[in-house]
Amino acid sequence: MKRFARNLCAAAAALLWSTAGGQAAEDGGTLIMLVQPEPPTLASYLSTSGPIGQVTTKVYEGLLEYDFDLQPQPGLAKSWDISEDGKTITFKLQEGVTFHDGTPFNSADVAFSIGTVLKEVHPRGANTFKELESIETPDDYTVVFHLSNPAPYLIRGLSGYETPILSKESFEGTDFRDNPTANKPIGTGPFKFVEWKKGQYVRLDKNENYWKEGLPHLDRVVARFIPDASTRTAAIEKGEVQFAAFNAIPNVDAQRLDDMDGISVTTEGYTMINPLTLLEVNTTVAPFDKKEVRQAISYAIDRQFIIDNIFFGYGKPAVGAVVSAFDSVGLYSSDVRDYGVADRLDKANALLDEAGLKRDGDGTRLEMTLDVLPYGESWQRIGEYIKQALAELGIKVTIRYEDVPTWLKRTYTDYAFELNLNFFYQLSDPVIGVHRQYLTREIRKGTVFVNGAQYSNPEADALMDSAATEPDPKKRSVTYAKLQKLLAEEVPVIPLVEMDFITVYRDELKDAVVSPLGVYASFDKAWLAK
């Protein structure tokens with residue numbers, strides 16, 4: 001209900017960010033925002049690691065933007081038409097748009113970006129564009145998607161965050177994974193890449209030739225990287241930075257800052273990502289290849305404890321593989337195994353006994369390593385709690401906390417982990433955000449934020465493939481209910497908390513969050529009151 005109420009109030013919430021008292025937007029100024037941690041790369045076509053999009057969405061744009069009702073709005077495409085059978089989508093493109101290097105933007109760039117680059121190397125591209133059979137470009141400003149089956153989710157997956165449009169001239173004939181623009185991005189967006197000083201900041205300057213008349217208002221956007229949480233909090237408190245999304249300011253500090261004049265806190269700007277805290281389990285490594293062990297671990301964890309003591313009241317306990325936000329469109333089901341029952345620890349111990357993991361003389365059944373998402377102190381605290389919770393079952397946990405590139409490689413290239421604390425975006429549709437974690441074909445060595453658990457189940461694959469192309473909402477709902485029940489039994493991924501991220505900002509910043517993408521939008525309308 002809290003999330004539903006926020007959606008109903010989205011338009012009003014957007015006003016909180018916009019022109020106060022009819023004041024006109026002012027040009028000029030530098031917006032300094034915190035990004036935590038530092039991105040491992042700026043190649044958003046290769047990796048969806050959370051910090052990357054906070055920077056690159058100011059540089060790269062997509063075909064569409066979205067309003068707070070999640071309805072598509074013009075982006076690089078000024079209009080679009082979907083055929084009656086749902087198998088043809090025709091886009092008319094904006095004219096007079098250029099990339100930051102002066103190269104004209106046209107339909108060839110769209111066809112190349114989506115049909116060649118994103119389908120091949122984007123972590124979600126192969127799944128998002130699975131039904132895309134071919135792309136036709138009858139002229140420079142028309143793009144036609146031909147689909148093998150209807151893909152109703154596709155129209156909500158075309159933002160600059162999800163589907164960045166690249167310059168064909170810059171990428172054609174190169175190794176996409178090692179392109180010279182990977183960390184010096186060239187897009188069509190309101191801000192141009194200038195400099196990445198590793199360990200300190202990324203600087204983006206105003207695109208003087210931006211195609212939207214009168215925009216952007218800001219002269220510059222600087223993304224600062226400050227590893228220490230208390231220093232980040234002090235920076236926004238002193239006015240050294242104006243914006244911090246994705247809990248870059250710890251929740252405990254945000255509560256105090258929200259009471260101060262000149263600083264505000266909001267949970268708006270995340271309704272299109274639907275983040276879920278979870279544990280990825282390496283299902284190919286004993287004893288985690290046994291579902292009884294995975295179920296026992298799920299029973300051991302008190303989700304409400306994490307919400308109350310680490311997220312300071314933000315979030316709700318996760319019930320299954322699909323977050324409850326999808327209830328509004330009939331895709332969520334609570335008819336699954338309940339891991340929050342009163343006798344959950346008794347059930348967990350019984351399952352471990354059943355799996356043959358008996359306690360030794362010290363009461364220890366198993367020793368294991370828990371890898372922790374290297375995104376800051378909150379995740380370390382969750383790791384410590386999980387260590388304590390599993391100790392009650394006789395599972396001795398060692399916590400491993402590494403830098404982002406090492407952690408990503410360990411999880412998605414080497415598969416050298418047992419249990420991994422992480423969070424995933426479920427995005428605007430389960431096909432885009434959920435399927436990638438469970439489909440057999442999403443075991444893609446070297447591709448991040450896909451099926452790192454290496455879970456493979458033909459029944460689950462068939463249910464997901466059916467749901468992806470089913471045009472009847474009622475039939476789709478039934479299919480997803482079956483899938484959620486199955487995954488709650490198998491638990492290759494253990495859902496923990498449906499997250500409520502927070503953004504802390506200085507009140508002089510206006511029009512920063514103007515869409516459900518929040519910081520993953522372009523900041524083209526953002527401005528600073530002087």
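Start with Asp511, which is buried, with a relative accessible area of 11%. That counts as buried because the cut-off is under 20% relative accessible area. Keep in mind that we're looking at a predicted model. As for where to find Asp511, look in the loop between β20 (509-510) and β21 (527-528). Its backbone deserves a glance too: phi of Asp511 is near 55°, a positive value in a residue that isn't glycine.

You'll find Phe246 in the loop between β11 and α8.

The structure holds 26 aromatic pairs, and one of them is made by Phe246 and Tyr270, an edge-to-face arrangement with 5.1 Å centre to centre and 80° between the planes. Why does this pair tie separate parts together? Phe246 sits in the loop between β11 (243-244) and α8 (251-257), while Tyr270 sits in the loop between β12 (263-266) and β13 (275-281), so the contact links parts that are 24 residues apart in sequence.

For another pair from the set of 26 aromatic pairs, go to Tyr210 and Trp211, which form a tilted pair, 5.7 Å centre to centre with 55° between the planes. Tyr210 is buried, with a relative accessible area of 7%.

Now for some peptide bonds worth checking in your viewer. Leu215 and Pro216 are joined by a cis peptide bond, with omega about -5°. Pro216 belongs to the loop between β9 (201-206) and β10 (220-224). A cis peptide bond also joins Ala286 and Pro287, and there omega is about 0°. Pro287 is in the loop between β13 and α9 (291-300).

Time to zoom out to the whole chain. Its secondary structure comes to 16 helices and 21 strands. How does the radius of gyration fit with a compact globule? With 530 residues, such a globule would be near 24 Å, and the chain has 23 Å, which agrees. Along the principal axes, the C-alpha atoms fill a box of roughly 70 × 55 × 45 Å.

Of the contacts with a separation of 6 or more, 73% are between residues 24 or more positions apart. Buried residues make up 60% of the 530 residues, and Asp511, where we started, is one of the buried ones. The accessible surface of the chain is about 19700 Å², with 48% of it belonging to carbon and sulfur atoms.

Last stop: charge. The chain carries 55 positive and 75 negative side chains, and the centres of these two sets lie 3 Å apart.

Definitions and conventions. Residues numbered from 1 in each chain as written. Heavy atoms only, no water. Helix = DSSP H or I, 4+ residues; strand = E, 2+ residues; numbered from the N terminus. Rg over C-alpha atoms; globule rule 2.2 N^0.38 Å. Buried < 20%, exposed > 50% of the residue type's maximum accessible area, 1.4 Å probe, protein only. Contact = heavy atoms within 4.5 Å. Areas by Shrake-Rupley, 256 points an atom, 1.4 Å probe, with all protein chains shown as cover. Lys, Arg positive; Asp, Glu negative; His and termini not counted. Charge placed at Lys NZ, Arg CZ, Asp CG, Glu CD. Phe/Tyr/Trp six-rings, centres within 6.5 Å; stacked < 30°, edge-to-face > 60°.
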